Amino acid sequence: LLEQAVAALELRPSGASYSGSFARDWMQHARRETIVKHSPADDSPLAAISLSSLDDLQQSIDASVEAFDRLRSMPAPARGGIVREIGNQLRLHKESLALLVTLEAGKITSEARGEVQEMIDMADYAVGLSRQLCGLTIASERPDHRLLEQWHPLGPIGVITAFNFPVAVWAWNAMLALVCGDPVVWKPSPITPLCSIAVQQIVAKVLAQHDLAGASTLALGGADLGMKLASDERLPLISATGSTEMGRSVAATVAMRLGRSLLELGGNNGLVVAPSATLDLARRAILFAAVGTAGQRCTSLRRLIVHRSIEAELVSSLVEAYRSIRIGNPWEEGVLVGPLVNQAAVDSYLQAIEDARREGGEVLVGGSHLHRPGNYVEPTIIRMPAQTSVMLRETFAPILYVVGYEELEEAIEIHNGVPQGLASSIFTSDLREAERFLSSRGSDCGIANVNIGTSGAEIGGAFGGEKETGGGREAGSDSWKAYMRRQTCTINYGTTLPLAQGVEFDL
Ligand code: UN1
């Protein structure tokens, strides 16, 4: 499978580079630190990867600064034309890219394809957007004056992404940044280097054809590289996706130089099931949200808050469904749950289960690490006596905690009673309950759904969350504004000079 993807994506060492140092041959740098990437599915070695040095990062940033001047001078729809070409290339390579996502991140085939589709969707969205980067014209209080705002490219953007969406989250940022006129310096998770190299190769080829090689550069490495990126004053915006801990240090570093950061950090998502819910629908939505991607989405469902009158029925149907889930090699047909990404993830899964038990939790199904090559664990449901401390933290694994409630007010209080605020859902057929959940006194999350699960958002909406999730918004709606600078302009086309607020200042 790897051979197939490597051949299609031209990842094999060749000694040739497309243009400049940005589509460099990642596997042939003896002087650089090399890591061997193993597949989470069966521990087999996938590739040896050279990491970028701090010097490499400097070169990338230098190149992006240089490319910025050319990119910002192009009309936005022309930039959209380039993004269209990138989107077409991604379409062409969809299967191979999905294969890499499966091999490297352990996603099942359908979800890996979905992730690549998310990139393609973002490209299409950005192409349309390139003709709609609109500013307002505002009524001026002065005669013969025009007041307006316009949006200009911001500058080179630093993009830090996580292993769990190794390519889609890059696209959320890069596709918008490029149509907005901003080059991208990408620091992906070192856990998924092949996915990022593949995408970079594809993008670099297209950009090189437009003499824009520096508009997309890649720096492969760990936190030291990320912090260096965050501290660079030439990057007016750092967009970072990952743990709350990572976000805190990135935000502090960027704030010290008064740069902007766009943060998409931990989620700890809850779903309320009310008595009037269609239980079969709820069961299926819960299954995908809690078990999909082996619980490693930032939108994964972690807390089920269910009305006591239907708790027994819903929970027993879930337990039954969990028992029949196929766990295994993510590329095998019929498998719904692939591996966790690494041993550390398995350890935190086991630790959370132990903590939950200590806090009075009862494991209803699952709870074990499967002892075979790869990092496989059983999807787990734990009934908790109340929302105890283990439920306040995000454990990136398929663990679903269940608590009961009597009144909707109580359910909302439990729901909002965690430090994170990304995605939320309610299942109900009661209009009042649904609207109450979506109201200003309802869910405190950036995403609030009715009768669908917490995960699997479309790219058309703005994606992100509140509180410890970091407040950033990416992908659709007006998220593009974060990648541009707003300029307010006042034009006097008269022959007098009236001052605002009626101030008089004449000799
Ligand atoms: C993430 O887990 O970092 O809404 C992003 C979803 C996906 C994106 C998740 N479209 O689940």
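Two residues are in contact if their C-beta atoms, placed from the backbone, lie within 7 Å. Helices (H or I, at least four residues) and strands (E, at least two) are DSSP runs, numbered from the N terminus.

## About the model

This is a predicted model, in which local features need pLDDT of at least 70, side-chain atom pairs count only at pLDDT 80 or more, and totals for chains, interfaces and linings use all residues. Residues are numbered from 1 along each chain as its sequence is written.

## The seven-stranded sheet

An open sheet of 7 strands runs in the order β12-β13-β14-β11-β10-β16-β17, with mixed pairing. Two strands pair if DSSP finds at least two bridges between them. β12 (362-365) and β17 (447-450) are at the edges; each has a single partner strand, so one side of each lacks a neighbour in the sheet. On average, neighbouring strands of this sheet are turned by 25 degrees against each other, direction ignored. Axes are lines fitted to C-alpha atoms, for helices over the stretch in contact, and angles run from 0 to 180 degrees between N-to-C directions.

β12 joins strand β13 (residues 380-383) through 3 bridges, and the two run antiparallel.

Helix α11 (residues 308-323) lies across β10, β11, β12, β13 and β14, at about 140 degrees to β11. Helix α10 (residues 279-291) lies across β10 (269-273), β11 (301-307), β14 (399-405) and β16 (423-427). Its direction is about 160 degrees to β11.

α11 has 16 residues and reaches 23 Å from its first C-alpha to its last. That is close to the expected 22 Å, which is 1.5 Å times one less than the number of residues. L314, V315, L318 and Y322 of α11 are buried, a term for residues with 20 or more other C-beta atoms within 10 Å of their own, C-beta atoms being placed from the backbone. An α-helix has 3.6 residues a turn, so residues three or four places apart point the same way. The cover over the buried residues of α11 includes β10, α10, β11, β12, β13 and β14.

## The five-stranded sheet

A second open sheet has 5 strands in the order β7-β6-β5-β8-β9, with parallel pairing. Its edge strands are β7 (216-218) and β9 (260-264), each pairing on one side only. Neighbouring strands here are turned by 15 degrees against each other on average, direction ignored. Helix α7 (residues 193-209) lies across β6 (184-187) and β7, at about 150 degrees to β7.

Strand β8 is largely enclosed by the rest of the structure, because 5 of its 5 residues are buried. L237, S239 and T241 are on one side, and I238 and A240 on the other. Strand β5 (residues 157-160) and strand β8 (residues 237-241) run parallel, joined by 4 bridges. G158 stands opposite I238, and I160 opposite A240. β8 also pairs with β9 in the parallel sense, over 5 bridges. There T241 has E264 as its bridge partner.

## E474

E474 lies in strand β20 (residues 474-475). It is buried, with 24 other C-beta atoms within 10 Å. Leaving aside neighbours within four places in sequence, E474 is in contact with W172, N173, L262, E264, F463, G464 and S479.

## Around the ligand

Residues surrounding the ligand include E118, N164, F165, T241, R297 and C298; a residue counts as near if its C-beta atom, placed from the backbone, lies within 6 Å. The shell divides into 4 nonpolar, 5 polar and 2 charged residues. Here Ala, Val, Leu, Ile, Met, Phe, Trp, Tyr, Cys and Pro count as nonpolar, Asp, Glu, Lys and Arg as charged, and the others, Gly among them, as polar.

Conventions: A residue is buried if 20 or more other C-beta atoms lie within 10 Å of its own, exposed if 12 or fewer, and partly exposed in between; C-beta atoms are placed from the backbone.
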